[in-house]
Amino acid sequence: MDFLNTNTGQNNFNNPNGGHTAVYIDDRPMNNVEGRMTVSGSLMQNIGDPGFNTLDEPIKTTIMRDLKAVGMKFKHVLYLKEKNTLLKEWDLWGPLMLCTFMAMVLQASPDSIQIGDGGPEFAEVFVIIWIGSVIITLNSKLLGGTISFFQSVCVLGYCLLPIVIALIVCRFILIFEQTNFLFFIRFAISIGSFLWSTYASVVFLGDSQPQGKKALAVYPIFLFYFIMSWLVLSHTV
């Protein structure tokens, strides 16, 4: 192929291009060399497509797509059908929502603080969740884990869903007058959510750990979800 040659002609006023530069490729004129920085509708259907663009779509469409993706990840945590979904398409929206909800519910009320029987503060729950996730992720990377930092934080955050569900149920039980039987129910629910969160995170993260070191990677996860479950069980106000 020859180099691109431009020729404006001897008289631009008589040029049918109206003064536009004519480009010749292999001695053949290419009169209309123009383009638009837009994406056709057919290219905006799949997120993985090279031409996918969300700049021109409505905000409602973007929000609904993100909420649908978060909901599908919640579903995978509860049913454990596709364990690679949280690793391939990670995000931090779900963990942020779960963390914010737990912090709002578990925070102590002003009256409980005065009598010395309050729960953790809003910021304390945030610190426990995010710092705990970071420590577990760093431990996994030091042991030779093959997943990225944000993938691990995403999995640990989404696997809080069973504990959040247990928090909602226990909060409902606290409406009634507390007895030993109701405490046993809250204890069973908290233990069940702790076991399910730990199991789900191990299923998602287990294959990323080298053989012989999985126990060292699971132990911090065990402690992390145990602490979160204990906060749910000890929440009595």
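## Nonpolar surface patch

Helix α1 supplies the largest share of the nonpolar patch, four residues, where helices (H or I, at least four residues) and strands (E, at least two) are DSSP runs numbered from the N terminus. The patch covers about 720 Å² and is made by Ile 59, Ile 63, Met 64, Leu 67, Trp 93, Leu 96 and Met 97; the elements that give two or more residues to it are α1 (59-79) and α3 (93-106). Patches are built from residues with over 30% relative accessible area and no salt bridge, with like charges joined within 9 Å and nonpolar side chains (Val, Leu, Ile, Met, Phe, Trp, Tyr) joined within 5 Å. Accessible areas come from the Shrake-Rupley method with a 1.4 Å probe, and for residues only the protein chains shown count as cover.

Leu 67, one of the patch residues, lies in helix α1 and is partly exposed, with a relative accessible area of 47%. On the scale used here, buried means under 20% relative accessible area, exposed means over 50%, and partly exposed lies in between (1.4 Å probe, protein chains only).

## Basis of the model and overall make-up

This is a predicted model, in which local features need pLDDT of at least 70 and side-chain atom pairs count only at pLDDT 80 or more, while totals for chains, interfaces and linings use all residues. Residues are numbered from 1 along each chain as its sequence is written, and side-chain values use heavy atoms, with hydrogens and water left out.

The protein chain has nine helices and three strands, and from the N terminus on its elements run β-β-β-α-α-α-α-α-α-α-α-α. Of its 237 residues, 34% count as buried, and the chain exposes about 15100 Å², of which carbon and sulfur atoms supply 64%. Among contacts (heavy atoms within 4.5 Å) with a separation of 6 or more, 64% are accounted for by residues 24 or more positions apart.

A search of the whole structure finds one salt bridge, defined as a side-chain nitrogen of Lys or Arg within 4 Å of a carboxyl oxygen of Asp or Glu. The side chains of Lys 73 and Asp 91 meet in it at 3.1 Å, N to O. Lys 73 lies in helix α1 and Asp 91 in the loop between α2 (85-88) and α3, so the pair ties together parts that are 18 residues apart in sequence. Both Lys 73 and Asp 91 are buried.

## Helix α6 and its cysteine

Helix α6 is mostly covered, with eight of its 10 residues buried; these are Gln 151, Ser 152, Val 153, Cys 154, Val 155, Leu 156, Gly 157 and Tyr 158. Ser 152, found in this helix (residues 149-158), counts as buried at 2% relative accessibility, and, leaving aside its neighbours within four places in sequence, Ser 152 is in contact with Thr 137, Ile 147 and Leu 205. Val 155 also lies in α6 and counts as buried at 0% relative accessibility. Val 155 and Leu 92 are 63 residues apart in sequence, yet 9.2 Å apart in space, C-alpha to C-alpha.

Cys 154 is likewise buried, with a relative accessible area of 0%. Its sulfur is 8.8 Å from the closest cysteine sulfur, in Cys 159, which is too far for a bond. With a disulfide taken as a pair of cysteine sulfur atoms within 2.5 Å, the count comes to zero.

## Annotated transmembrane regions and helix α7

An unreviewed UniProt entry places the feature "transmembrane region" at residues 122-143, 155-175, 181-204 and 216-233; such annotations may be inferred rather than shown by experiment, and the positions are given in the numbering used here, with feature names shortened. Over residues 155-175 the chain is 81% helix and 0% strand, with end C-alpha atoms 32 Å apart, whereas residues 181-204 are 100% helix and 0% strand, with end C-alpha atoms 35 Å apart.

Ile 163 is found in helix α7 (residues 161-173) and counts as buried at 0% relative accessibility. Leaving aside its neighbours within four places in sequence, Ile 163 is in contact with Met 102, Ser 193, Ser 197, Tyr 225, Met 228, Ser 229 and Val 232. The C-alpha atoms of Ile 163 and Trp 196, 33 residues apart along the chain, are separated by 8.5 Å.
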